[in-house]
Amino acid sequence: GLVAALHLLAKGEIPLILEAGAKVGDSIRQWQHVRLFSPWKYLVDETTREALSSSGWSMPDEDSLPAGREVVEMLLEPIASLPAVSPHLHLGHRVIAVTRRGMDKVKTTGRDKAPFELLVQTTDGSTSRIYARAVIDASGTWQSPNPMGAGGVPADGESSAGEIVYGIPDVLGPQRSRYGGKHVLVVGSGHSAFNALLDLVTLKADVPSTRITWAVRRNDPGSMFGGGENDALEARGALGARLRALISAGAVGLRTGVRIAGVRRTAAGLMVETSEGTRIGPVDEIIVTTGFRPDLHIARELRLELDPWLEAPVRLAPLIDPNVHSCGTVYPHGAAELSHPEKDYYVVGMKSYGRAPTFLLLTGYEQVRSVVCALVGDEDGARNVALSLPETGVCQTGSADSSCCGTHESGPVLAQLSHR
């Protein structure tokens, strides 16, 4: 979102930046203890470098791996403090609905000429209305995690169990006492699960009575552990390799083919029940890392064209569908793929991917560059998109000598950058 504002400023436009949190990077602050597997050189685009250079900002070591806290302190806060940006940044402003002024979704005549109307709630509970020529939704998906229920809805008993946490809790910091010496179940098979599990193993070294069970839906882990030494991002490949070794050593108990149907409280702890009639437990705590989904309610009165299962823009969805693109690749894309029937409304960033898991900041930077060009009438700039990203080292296909994704100009995409 901040980078989108920088691009707008560079084009002579005036942005209005609405942030629901009390500080910039509010969601990232909730996983600020997590170290990214992407180095700084993949976290800062050229437009941002140029904008920050005038303030005396220096690029961190390009090959170092920042934690979420460092991304906030060394990148987001400096951008927000720029004299060109700060007057347009409004913290504690949550957008709760977007529509066209005086028009619901059904009305057509004059629609494209009507300004967008945003219903905004501030921290004191009051609401106001803001009008805009265009809307770029870069709100992410952190606030809407997937449930652990296998059917995409909460499992029986899930919503009422206070022992369940979504995301990556700081088990080595403030929440150490909550998890130390407990039997902890981690649900999910992505990099968020890797981070949570590796932190728990570190905790177990200090508190040996800690027990760790990992439940995944896959029957065959296959490439779940990543590309290892073939991964162009060394830290990303190392996550899976370390975890595989810890499972072999018995530090983590892996349960495959788990489709969770319910959670039942017993005197000994939580008993997790599967659709197949098996059980896991009793456990004391559950960490759910099953990914995230877009919250679409704020755009209910807008005309969106979404893929029926990914909930991503319909022209983008075929490029990122994880059922097809097992390598985690993505073709260059921008305003054309992100557009909707609702003219000048764009969803960018992690939220643009809907329920697809493989997203990186560099992808978002190229999205907003193209979108801003489209909004200011630079058709060539909007159309000419490019991505060059490190390979994951993983690609499963039906043929040993073929690739599901083929060779293209963008190269394979980076795996999910934690959550944002």
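## The β11–β12 hairpin and its neighbour

In this predicted model, strands β11 and β12 are joined by a hairpin through 2 residues. Strands here are DSSP runs of E with at least two residues, and helices are runs of H or I with at least four residues, each numbered from the N terminus. Strand β11 covers residues 260-266 and runs antiparallel to β12, with 6 bridges between them. Two strands are taken to pair if DSSP finds at least two bridges between them. One of the bridges links Thr266 to Gly269 in β12.

Strand β12 (residues 269-274) also joins β13 (residues 279-283): the two run antiparallel, with 3 bridges. Across this pairing, Val272 stands opposite Ile280 in β13. The hairpin of β12 and β13 has 4 residues between the strands, and Gly277 in it takes a positive phi near 90°. In β12, 5 of the 6 residues are buried, where buried means under 20% relative accessible area, exposed means over 50%, and partly exposed lies in between (1.4 Å probe, protein chains only).

## Ala5 in helix α1

Ala5 belongs to helix α1, residues 2-10. With a relative accessible area of 2%, Ala5 is buried. Leaving aside neighbours within four places in sequence, Ala5 is in contact (heavy atoms within 4.5 Å) with Pro15 and Ile17. Val372 is 367 residues away from Ala5 along the chain, yet their C-alpha atoms are separated by 9.0 Å.

## Rings and charges

The structure holds 4 aromatic pairs. Rings of Phe, Tyr and Trp (its six-membered ring) pair if their centres lie within 6.5 Å; planes under 30 degrees apart count as stacked, over 60 as edge-to-face and the rest as tilted. Tyr353 and Phe359 form an edge-to-face pair, because their ring centres are 5.0 Å apart and their planes stand at 75°. Both residues, Tyr353 and Phe359, are buried.

A charge sits over a ring if NZ of Lys or CZ of Arg is within 6 Å of the ring centre and within 35 degrees of the ring normal. The charged end of Arg100 sits over the ring of Phe116, 3.9 Å from its centre. Arg101 lies over the face of Tyr131, 4.5 Å from the ring centre.

## Confidence and conventions

The predictor's confidence in each residue is given as pLDDT, from 0 to 100. The chain averages 88, and 87% of the residues score at least 70. Over residues 393-420 the pLDDT is below 50, and this stretch has 99 contacts in the model beyond near neighbours in sequence.

Local features need pLDDT of at least 70 and side-chain atom pairs count only at 80 or more, while totals for chains, interfaces and linings use all residues. Residues are numbered from 1 along each chain as its sequence is written, and side-chain values use heavy atoms, with hydrogens and water left out.
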